[in-house]
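User: I'd like to learn how to read the features of a model like this one. Could you take me through them step by step?

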Amino acid sequence: MKSSRITVLAAIAALGLSTAALATMDAQKQFAAAYPDSKALAKCSTCHAKAMPKKGEADVNAYGKALGKPDAAGKYDFAKVEKMDSDADGVSNLDEIKKGTNPGDPASK
Ligand SMILES: [Ca+2]
């Protein structure tokens, strides 16, 4: 009995993890579609504080915070944050994306 309960809990935990990972993968696909010349930035660290965030470590950086959540259809509005300088390093988010630097990391400009 006890082991089956643990199995169920493990399955729920795994499901939660994969849902979060899939959400991030979808965000990366949308980013690559929005900026086809900057596909190298279609990775976790563009929006998240950690390069490979695990469950519970999904903290976003300044760019991810500005971008916010996707709309009801699951789409992110990248255009609304293009003119901002989210990480306050003097370079707009769009210019950083064009240059291939991280719009959420002030050390990258
Ligand atoms: Ca930057």
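This is a predicted model: local features need pLDDT of at least 70, side-chain atom pairs count only at pLDDT 80 or more; totals for chains, interfaces and linings use all residues.

User: Which residues do ring pairs link into a cluster?

Analyst: A pair of aromatic rings is described by the distance of the centres and the angle of the planes. Rings of Phe, Tyr and Trp (its six-membered ring) pair if their centres lie within 6.5 Å; planes under 30 degrees apart are stacked, over 60 edge-to-face, and the rest tilted. Here the cluster is made of Phe-31, Tyr-35, Tyr-76 and Phe-78, and the structure has 4 aromatic pairs. Take Phe-31 and Phe-78: centres 5.6 Å apart, planes at 85 degrees, so edge-to-face. Phe-31 sits in helix H1 and Phe-78 in the loop between H3 and helix H4 (93-99), so this pair ties together parts 47 residues apart in sequence. Tyr-35 and Phe-78 are edge-to-face too, at 5.9 Å centre to centre and 75 degrees between the planes. Tyr-35 is in the loop between H1 and helix H2 (44-47), so its pair with Phe-78 ties together parts 43 residues apart in sequence.

User: Are Phe-31 and Phe-78 buried or exposed?

Analyst: Buried means under 20% relative accessible area, exposed over 50%, and partly exposed in between (1.4 Å probe, protein chains only). Phe-31 comes out at 3% and Phe-78 at 7%, so both are buried. Tyr-35, at 8%, counts as buried as well. Over the chain's 109 residues, 31% are buried.

User: Which residues make up the largest nonpolar core?

Analyst: In soluble globular proteins, nonpolar side chains tend to be buried together. A nonpolar core is a set of buried Ala, Val, Leu, Ile, Met, Phe, Trp, Tyr and Cys residues joined through side-chain atoms within 4.5 Å. The largest one has 11 residues, including Phe-31, Tyr-35, Cys-47, Tyr-63, Phe-78 and Ile-97. H1 and helix H3 (62-67) are the elements giving two or more residues to this core. Tyr-63 is in contact (heavy atoms within 4.5 Å) with Phe-31, Phe-78, Val-81 and Ile-97, among others, leaving aside neighbours within four places in sequence.

User: How many helices and strands does the chain have?

Analyst: Helices (H or I, at least four residues) and strands (E, at least two) are DSSP runs, numbered from the N terminus. The chain has 4 helices and 0 strands.

User: How many disulfides are there?

Analyst: A disulfide is a pair of cysteine sulfur atoms within 2.5 Å. The whole structure has 0. For Cys-44, the nearest cysteine sulfur is that of Cys-47, 9.4 Å away. Cys-44 is buried at 15%, and Cys-47 at 18%.

Definitions and conventions:
Residues are numbered from 1 along each chain as its sequence is written. Side-chain values use heavy atoms; hydrogens and water are left out.
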